Amino acid sequence: VRWVLLLPLAACAAGGGAPAARVHLVEMREMAFHPETLTVHPGDTVVWVNKDIVPHSATASSGSATWDTGNLAQAATGRYVAQQPGTIDYTCTLHPLMQATLIIKE
Amino acid sequence: MLHAVLLAAAFVVQGSAPAPKPAPAPDLSDPEVAHVAVTANAIDIDLAKYALTRTRNAEVRQFANTMITDHSAVNQQAAALAGRLGVTPADNQVSQSLLAGAAQARGSLESLRGAAFDRAYLDREIGYHQAVLDAIDGLLVPTTDNAELKKLLTDVRPAIAAHLAHAKQLRGNLGSQTGSR
């Protein structure tokens with residue numbers, strides 16, 4: 001439920017006139033990211049939660065952004081606050097066939 | 001059917017040992033089945049660690065590390081299940097057979113070097129994971145009544161399928177020669 005708690009914090013961080021930052025949940029489930037493509041805005045928080053028995057990571061593999069949640073055990077979560085606009089491919093370092101895309105746009 | 005399901009979990013963590021056949025499960029007691037799982041896990045970790053000392057291929061190393069990580073996680077689930085069922089591991093013929101098979105498999109790998117080693121290791125992994133999938137789909141899931149055990153199998157299956165796909169991809173990158181050449 002950690003991602004739920006992030007919601008008001010993210011909203012506060014967005015500032016007065018700017019759109020409220022959102023929290024987006026991505027499930028690591030059945031050896032895939034769900035959703036496989038996610039579009040967010042700068043300041044939004046992406047939270048990955050591992051629903052599988054085996055560990056997973058969400059690790060940027062393209063673009064200027066670099067993030068790595070590290071290995072997340074079953075039920076663990078990792079997060080990334082979206083920054084510069086762009087398209088970022090990411091993968092699970094343990095299971096390179098798990099691939100997904102994060103689109104950050106103004 | 002409890003025995004068959006736990007044996008499947010044991011085979012899952014066995015790693016590169018000879019591919020299991022979906023034959024009828026041996027008539028083992030629950031403590032013996034638990035021992036099989038623990039033994040298979042130890043075999044898998046040891047063999048994967050051995051592979052890491054032999055291969056210089058970065059992708060094969062990554063694969064071996066993933067096998068250690070994933071099958072350890074699966075084994076933790078199997079151990080937790082055994083714990084809930086109050087099972088204390090007891091040595092048995094299946095465990096001994098697994099150990100003998102692992103020693104034989106390791107012996108065959110010891111004679112190989114470089115890319116030949118990598119191919120043989122991946123060939124073994126492909127055959128093994130395919131056999132486990134066949135056993136899960138064709139025998140274990142259809143005949144398991146216990147909802148918790150069925151869920152364990154269902155939860156494990158995607159990881160096994162992903163391992164198989166991963167191994168096939170890497171094997172394809174290494175060319176068409178068989179591992180023994």
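Q: Before we start, what counts as a ring pair here, in terms of centres and planes?
A: Rings of Phe, Tyr and Trp (its six-membered ring) pair if their centres lie within 6.5 Å; planes under 30 degrees apart are stacked, over 60 edge-to-face, and the rest tilted. This is a predicted model, where local features need pLDDT of at least 70, side-chain atom pairs need 80 or more, and totals for chains, interfaces and linings use all residues. Residues count from 1 along each chain as written, chains are lettered from A and ligands numbered from 1 in written order, and side-chain values use heavy atoms, leaving out hydrogens and water.

Q: Which residues do ring pairs link into a cluster?
A: A:Phe33, A:Trp48, A:Trp67, A:Tyr80 and A:Tyr90.

Q: And how many aromatic pairs over all chains?
A: Eight. One of them is A:Phe33 with A:Tyr90, edge-to-face, 4.8 Å centre to centre and 65° between the planes. A:Phe33 lies in strand β2 (residues 32-34) and A:Tyr90 in strand β7 (residues 86-91), both of chain A, so the pair ties together parts 57 residues apart in sequence. Strands here are DSSP E runs of at least two residues, numbered from the N terminus.

Q: Is A:Phe33 buried or exposed?
A: Buried, at 2% relative accessible area; the cut-off is under 20%, with a 1.4 Å probe and protein chains only. A:Tyr90 is buried at 2% too.

Q: What about A:Trp48 and A:Tyr90?
A: Edge-to-face, 5.4 Å centre to centre, with 75° between the planes. A:Trp48 sits in strand β4 (residues 45-50) of chain A, 42 residues from A:Tyr90. A:Trp48 is buried as well.

Definitions and conventions
Helix = DSSP H or I, 4+ residues; strand = E, 2+ residues; numbered from the N terminus. Buried < 20%, exposed > 50% of the residue type's maximum accessible area, 1.4 Å probe, protein only.
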